[in-house]
Amino acid sequence: MIRRPSLKAVIFDFNGVIVDDEPLHKAALCQVLRDQGIEVTDDQYRHCFLGREDGDCFRFAFERAGRFLPSDQLETLVQHKFSLYHSLVQRDLRLFPGALELVRQCALRYPIALASGARRCEIEFVLARFNLERVFRSIVSAEDVPQGKPEPLPFWKALESLNWGLDPASAILPGDCLVVEDSQAGVTAALRAGMKVLAVTHSLPPSSLSEAHLVVESLEVELPVLERVFATGDPLS
């Protein structure tokens, strides 16, 4: 008998899904690159940088410019970008409409995790501001995996943490997880991890997220909308 997947866990991306700070990340990243003589257009950012961790962004930008990036310079650039982001986010920090409510709805019914390309200190700063430190059972940040999205490792790592201490017979399988994402890299990573995906158009138009099982304009949705993906087994985009 073939086992039909059922929703047992929800894994959220962070920037661009819960916290409305993607413009701040973009501004900080582009400023650091501009200081290095590298310009990034809005279209290039959306399609090549959105959803990726900082180190990958800088490596890609330098490679695209035909320049070598030593590891010590990479770390300096990442730290500079973080300093700029941190100064911006302290003045303009907000969550997307419906994000807080949906996270809390999910947490009441399922184990939930974060899988993000952001640094852990960035994530913890925001979670503390909104009293969400204890809501997520697992947090996977850029420092926790050797490869970020679009590789599936962040989601596998989050699932591994959710399964910690469970009897193997009760383990949550990838197909039992719903990922909430806003980027092409994130959607691709979740699909590669074998998980279902809800994509929200906070950062990209629906056409750019069409591979997801469900595409919504906002997280102002009720939990049953998410559960329908597993109840029907059909894409709902």
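**Strand S2 and its neighbours in the sheet**

Visitor: What makes S2 and strand S3 (residues 138-140) paired strands?

Guide: Two strands pair if DSSP finds at least two bridges between them, and here three bridges join S2 to S3, with the two running parallel, so the pair meets that definition. Within this pairing, Ala115 stands opposite Val140 in S3. From S2 the chain reaches S3 through helix H6 (residues 120-129) in a right-handed β-α-β crossover, that is, the path from the first strand over the helix to the second runs clockwise with the strands pointing away from the viewer. This is a predicted model, where local features need pLDDT of at least 70, side-chain atom pairs count only at pLDDT 80 or more, and totals for chains, interfaces and linings use all residues. Residues are numbered from 1 along each chain as its sequence is written, and side-chain values use heavy atoms, leaving out hydrogens and water.

Visitor: Which strand also pairs with S2 in the parallel sense, and over how many bridges?

Guide: Strand S1 (residues 9-12) pairs with S2 in the parallel sense over three bridges, and Phe12 stands opposite Leu114 in S2. Strands (E, at least two residues) and helices (H or I, at least four) are DSSP runs, numbered from the N terminus.

Visitor: Which way do the residues of S2 point, and are they buried or exposed?

Guide: Ile112 and Leu114 point one way from S2 (residues 112-115), whereas Ala113 and Ala115 point the other way, and all are buried, meaning under 20% relative accessible area with a 1.4 Å probe and protein chains only.

Visitor: Why is one side of S3 left without a neighbour in the sheet?

Guide: The open sheet has six strands with parallel pairing, in the order S3-S2-S1-S4-S5-S6. S3 and strand S6 (214-216) are at its edges and each has a single partner strand, so one side of each lacks a neighbour in the sheet.

Notes
Buried < 20%, exposed > 50% of the residue type's maximum accessible area, 1.4 Å probe, protein only.
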